[in-house]
Amino acid sequence: MVSNAAGKAPVNRGIFDCEEAYRTPTSSDFKRLFESGMVIVDTNVLINLYRSNGRTRRDTFAVLNRLKHQLWIPHQVLSEFWRNRDLPSVRGHHRAKARTACAALDKTYRSMSDAVERWLKDVHLDADDTAKRRIEIHAKQVQASLEEMKSYIKKQAENDALEGTEATHTDPVILQLEPLLSGRIGAPLSVDELAEAVEEAKRRADAEVPPGYADFSSKPDDQAAGDYIIWRQAMSEAAQVKRDVLLITGDIKEDWWTPRDGQNPARPRAELAREMRKVAGVELFMMTPSQLLAEASDAFALKVDERSVSDLASREGTSHPLGHAIRNAIKSSIENAHERASAVHRASGLGARSPYGFTMTQAVMEDLRAKAIALGGDTVTIGGSSYPVIDGALIVPLKSSLGQAPARSMSSRRLQAVKNYLAPLKDMLTFEEDRREDMYLVVVHYASSPENGIEYVEARAGTFDQQGNFVVMYRYHLA
């Protein structure tokens with residue numbers, strides 16, 4: 001017992017009666033939430049239904065259907081789902097990954113063949129028929145093994161790929177989500193409420209108040225505010241229904257979670273738990289999709305395949321279509337190109353008439369192509385130019401000047417050729433032998449000069465709509 005001020009009854013506080021305290025949830029906590037809590041799934045949970053293999057997709061739907069009466073989806077999640085669904089990296093995920101893997105295997109065989117040929121020449125055996133026959137036998141064995149591997153990869157991709165996603169009335173994910181989520185979607189914010197929410201999200205981001213502040217470094221304001229809007233809608237609904245909240249998200253950034261530390265598991269940020277308690281008067285729980293399948297397997301006695309849990313765990317934390325490896329490749333390529341172009345500028349002694357700009361443009365493209373190959377990607381030739389492709393992202397760097405509007409460079413002849421390649425008109429004849437429809441476009445705008453160095457680098461990931469307009473899905477400020 002702790003005595004309060006005179007006249008007030010003593011308060012019986014325990015060890016968890018502290019703003020900074022947290023209680024590690026148990027399986028019984030999650031079982032209670034599955035039965036009586038408000039279960040919210042984030043956008044990435046729905047999007048990954050397309051990217052998962054058939055087994056994981058079935059297991060996820062089995063669990064969601066058992067949770068049907070507890071589910072509630074913020075309207076912002078629905079908006080983000082429809083905005084991201086049409087990305088080639090979502091609906092075309094399995095075929096894109098298979099194509100990338102097979103291209104890497106082809107490169108492996110070519111590299112092996114080149115290495116063996118160089119070895120034969122270096123040791124003066126290139127005219128030795130016995131040595132050449134021996135190498136040829138082994139090479140054919142390797143090639144046969146690689147072809148078998150490619151065949152398996154392609155067959156698996158076809159098994160996992162979803163047919164019918166071109167139309168909503170044949171999309172198997174939509175067909176299952178529609179009855180599952182009917183009547184369980186929150187209302188959208190009004191125009192005024194949305195504008196105010198975006199401003200509040202920016203204010204919170206400046207102060208690094210979770211959630212979502214990390215997104216303001218890589219997305220336009222209206223998209224970066226998405227996490228905060230989801231959070232705001234969740235708190236509003238929880239305040240009305242007075243049920244504890246279980247948020248399922250594969251986004252494991254620090255603006256949602258206190259990171260895992262040694263043997264201690266990750267847990268929701270304390271600020272979020274306090275805000276949910278203050279605004280809605282309920283408790284906040286969070287788990288990842290892989291944890292959901294593992295816990296629900298026991299709670300509902302479902303036969304969830306352990307491989308499904310592992311599949312989801314491998315995806316958690318990859319909410320951006322443009323991964324860190326690609327962003328680092330873009331940034332480092334521009335930095336390397338600037339060093340090279342600056343050296344040419346100094347050596348030329350031509351001042352403003354030096355070939356800095358030309359060298360910069362060529363060097364960025366060369367360095368990016370090399371990095372694409374190193375990362376397991378490849379290149380495509382469009383309009384006579386060779387562009388890097390990394391994990392389904394077709395990267396087009398465009399040099400501009402400081403203050404030049406990106407919209408101006410979007411009308412360049414180079415980008416028009418790329419548009420015709422990715423989104424040709426139905427009656428347009430195309431002659432690209434390696435046409436690929438599973439890619440999305442990443443336009444990299446950058447400005448640099450010998451005097452000022454690299455002034456800015458911005459990557460815009462998106463796709464073309466039916467009218468041929470480039471629709472920006474994500475924006476990344478890289479420098």
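## Strands 9 and 10

Strand 9 (residues 440–449) and strand 10 run antiparallel and are joined by 9 bridges. The two strands form a hairpin, with 3 residues between them. Within this pairing, H445 stands opposite E458 of strand 10. The model described here is a predicted one.

Strand 10 spans residues 453–464 and is mostly covered, with 9 of its 12 residues buried. In a regular strand, side chains alternate between the two faces of the sheet.

## Packing of helix 3 against helix 8

Two packed helices are described by the distance between their axes and the angle between them. For helix 3 (residues 54–66) and helix 8 (residues 172–181), the axes come within 11 Å and cross at roughly 10°. Angles under 35 degrees count as roughly parallel, and helix 3 and helix 8 are therefore roughly parallel to each other.

On the side of helix 3, the contact is made by R57, F61, L64 and N65, while helix 8 contributes V173, Q176, L177 and L180. By residue class, this contact of helix 3 with helix 8 divides into 5 nonpolar, 2 polar and 1 charged.

## Helix 7

Helix 7 (residues 129–160) comprises 32 residues. From its first C-alpha to its last, helix 7 reaches 46 Å, close to the 46 Å expected at 1.5 Å a residue.

The buried residues of helix 7 are A131, A139, L146, K150, A157 and D160. The elements that cover these buried residues include helix 3 and helix 6 (93–122).

## Two glutamines in helices

Q76 lies in helix 4 (residues 75–85). Its relative accessibility is 11%, and because buried means under 20%, Q76 counts as buried. Leaving aside neighbours within four places in sequence, Q76 is in contact with G226, I229, I230 and Q233.

Q416 belongs to helix 18 (residues 413–422). With a relative accessibility of 31%, Q416 counts as partly exposed, since that class falls between the 20% limit for buried and the 50% limit for exposed. The C-alpha atom of Q416 is separated by 9.6 Å from that of G383, a residue 33 residues apart from Q416 along the chain.

Conventions: Residues numbered from 1 in each chain as written. Predicted model: local features only at pLDDT ≥ 70, side-chain atom pairs only at ≥ 80, totals over all residues. Heavy atoms only, no water. Helix = DSSP H or I, 4+ residues; strand = E, 2+ residues; numbered from the N terminus. Buried < 20%, exposed > 50% of the residue type's maximum accessible area, 1.4 Å probe, protein only. Pairing = 2+ DSSP bridges. Contact = heavy atoms within 4.5 Å. Axes fitted to C-alpha atoms, helices over the stretch in contact; angles between N-to-C directions. Parallel < 35°, antiparallel > 145°, perpendicular 65-115°, else oblique. Nonpolar A, V, L, I, M, F, W, Y, C, P; charged D, E, K, R; others polar. Expected span 1.5 Å × (residues − 1).
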